[in-house]
Amino acid sequence: MPAKPKWAQLAELIREQIASGELAPGDKLPSTAQLREQHGVSAGVVRQAILVLQMQGLVEGVHGVGVFVAERPDA
C-alpha cells in the first residue's frame, strides 16, 4: 500500500493534536511558515492539510489573522 501523501499525514497529526486536547478550541495553529519548518514540507502541503481540516470543521481560518481550532458545539 502506498504511503499517505504528506498533506494527509500533516492533517492527521493536527487532527490528533486536537483530539488529544493538545490543541484546544480557540487555539491558534502555528503559521504556514512554522509548520513548513517544523515538518519539512512545502507551503502547498500545509495549505492542503489546513483546507482538509477546514472542510471537516476542525479549524477555522480568519483572513489576515490565522487559523484557529474550531469551537466544538458538542463539547
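Predicted model: local features only at pLDDT ≥ 70, side-chain atom pairs only at ≥ 80, totals over all residues.
**Pro-30 and its surroundings**

- The C-alpha atoms of Pro-30 and Val-67 are separated by 8.0 Å, although the two residues are 37 residues apart along the chain.
- Val-67 belongs to strand β2, where its side chain is buried.

**Leu-35 in helix α2**

- When neighbours within four places in sequence are set aside, the contacts of Leu-35 are Pro-30, Gly-40, Val-41, Val-46 and Ile-50.
- Val-46 and Ile-50 are also among the residues of α3 that take part in the meeting of α2 with α3.
- Leu-35 and Ala-19 are 16 residues apart in sequence, and their C-alpha atoms are 19 Å apart in space.

**Contact of α2 with α3**

- The axes of helix α2 (residues 32-39) and helix α3 (residues 43-55) come within 9 Å and cross at roughly 110°.
- This angle falls in the range of 65 to 115 degrees, and α2 and α3 are therefore roughly perpendicular to each other.
- The crossing in which α2 passes α3 is right-handed.
- On the α2 side the meeting residues are Thr-32, Leu-35 and Arg-36, and on the α3 side they are Ala-43, Val-46 and Ile-50.
- By class, the residues of the contact of α2 with α3 divide into 4 nonpolar, 1 polar and 1 charged.

**Contact of α1 with α3**

- Helix α1 (residues 6-20) and α3 have axes that come within 8 Å and cross at roughly 50°.
- The two helices α1 and α3 are therefore oblique to each other.
- The crossing of α1 past α3 is right-handed.
- From α1 the contact draws on Lys-6, Trp-7, Leu-10, Ala-11, Ile-14 and Arg-15, while α3 contributes Val-45, Val-46, Gln-48, Ala-49, Ile-50, Val-52 and Leu-53.
- The contact of α1 with α3 comprises 10 nonpolar, 1 polar and 2 charged residues.
- Val-46 and Ile-50 of α3 take part in the contact with α1 and also in the contact with α2.

**The strand pair β1 and β2**

- Strand β1 (residues 59-62) and strand β2 (residues 66-69) pair in the antiparallel sense over 4 bridges.
- Val-62 stands opposite Gly-66 in β2.
- The two strands β1 and β2 form a hairpin with 3 residues between them, and Gly-64 in the turn has a positive phi of about 80°.

Terms used: Residues numbered from 1 in each chain as written. Heavy atoms only, no water. Axes fitted to C-alpha atoms, helices over the stretch in contact; angles between N-to-C directions. Parallel < 35°, antiparallel > 145°, perpendicular 65-115°, else oblique. Left-handed = near helix turned anticlockwise from the far one by under 90°. Contact = heavy atoms within 4.5 Å. Nonpolar A, V, L, I, M, F, W, Y, C, P; charged D, E, K, R; others polar. Pairing = 2+ DSSP bridges. Buried < 20%, exposed > 50% of the residue type's maximum accessible area, 1.4 Å probe, protein only.
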